[in-house]
Amino acid sequence: MSSLPRVTVPPTAGLPLRLGDLLPWGNANFDDALAQWLGVPAVQLECSGTSALMVALRTLKKLAPARNEVIVPAYTCPLVALAISQCGLQARLCDLSRDVLDMDETMLRALCSEHTLAIVPTHLGGRVADVRVAQHFAQMVGAYVIEDAAQALGARVHGEAVGMQGDIGIYSLAVGKGLTTYEGGVLIARDPEMRKSLRAMHRRTIGPSLGWELLRSAELVGYAAIYRPATLDWAYGAPLRKSLAEDDWIAAAGDDFDAFIPQHTLGTWRQRVGVRALVRLSAHLLQAHERAQPRIAQLMQLPGVEVVGDMAPDAQGTWPALLLRMPNRAARDALMRAHWASGLGLSLPFVNILSDYVRYAPLLGSAVLDSVMIARDWAQRLISVSNSEWLTDEKFAQLMRTLESAVHEP
Ligand SMILES: *Cc1c(COP(=O)(O)O)cnc(C)c1O
């Protein structure tokens, strides 16, 4: 009798916490430690990447009150659309390029106008987007650039942390994005005046919340306890199988976000945990890089399969997962239907482009009409392969065989 395989591989290579990370004492200056680690003058901590994006948007809105449009890639995290709408701003969706997982230049130029508040180039899956294009068009119309580096903590370009090319950069410290405080977000900015404006906006609009902090602290303890192969099937595999049994890909991919975005400070104890875990982050990212390289070489041999690389020149992205573009939608869907819950680290970055989610499309207003055919094609063909240390060489070999037959099926 065959039974369902146990899922012991998370969809991304999160940094596991140790019990010692959870001690109640220690250095709580996570902002200073993170700034030093990133090699940037200062960081501003927020309670999530989404909250950080909202602080960034509100700050820019105050600097340029006549502007209200925010240009984002049509294929990105739905939380970005939530943040824009919560700030009373209008999203504009930019199509993707045919060749690279980055905004299409022609459409980006066409979307830019005197209404544009910000362009949001996005370093999806640790892959470094080409921010110079966005900067060029932003400068032409007097708009700002916010780098969404939520999935790219540790990625560098020209030797510098991503997020320092644009006016503001954001990182996420959510579960699954690398270093985590369960939820958390980071703002960086190269210009001291901008950093001052961001801090002022935080002071005016955000305070502590004991209730949220207790909840997040309990969730962080839970994460530290169960983020290991022995318990992952119970915590991740079982809900995944349930979602897939209901044919709910949005829940399976974790795209089912709550519409309410809490905003509060990041508590002291979680900052201490962050400081202790940060010590291991460089080694963790280096190991992920070294694990990824031979696997990328193997994946590139698969006929019709593309491995998504860095878009910007002179970039060193991070490898939380490997993003693959399958030859067509049918092959992608058949593969995911058969193997999403096989414990081989397969998942989807996001299920849809923003305007194809029934629950997020209403947030987009007139942007649902933006023509984004190529982004939709990307959404229908992308898969992600976990780069977790728990995807062993044996499991990866099994995944390679699975992918080989998936691309050879008629
Ligand atoms: C996760 C994510 C966000 C939001 O970050 P949270 O910390 O989860 O709120 C924003 N943009 C992208 C591309 C993301 O993947």
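Domain 1 and domain 2 of this predicted model bury about 4000 Å² between them, 66% of it on carbon and sulfur atoms, where buried area is the accessible area (1.4 Å probe) that two parts lose on being put together, summed over both. Y75, L93 and R127 supply 20% of the area that domain 1 buries against domain 2, more than any other three residues. Across this boundary, 48 residues of domain 1 are in contact with 46 residues of domain 2, contact meaning heavy atoms within 4.5 Å. The chain is divided into domain 1 (26–210) and domain 2 (230–261 + 280–408), with bounds that come from an automatic or database domain assignment.

In the model, local features need pLDDT of at least 70 and side-chain atom pairs count only at pLDDT 80 or more, while totals for chains, interfaces and linings use all residues. Residues are numbered from 1 along each chain as its sequence is written, and side-chain values use heavy atoms, with hydrogens and water left out.

Turning to the ligand, 16 residues lie around it, and G49, T50, D148, S172 and K177 come nearest, a residue being near if one of its heavy atoms lies within 4 Å.

| Residue | Protein atom | Distance to a ligand oxygen atom |
|---|---|---|
| G49 | backbone N or O | 2.7 Å |
| T50 | side-chain N or O | 2.5 Å |
| S172 | polar side-chain atom | 2.6 Å |

Taken alone the ligand exposes 380 Å², of which the protein buries 95%, with accessible areas from the Shrake-Rupley method and a 1.4 Å probe.

Notes:
Polar contact = N/O pair within 3.5 Å; in protein donor to acceptor, adjacent residues only side chain to side chain.
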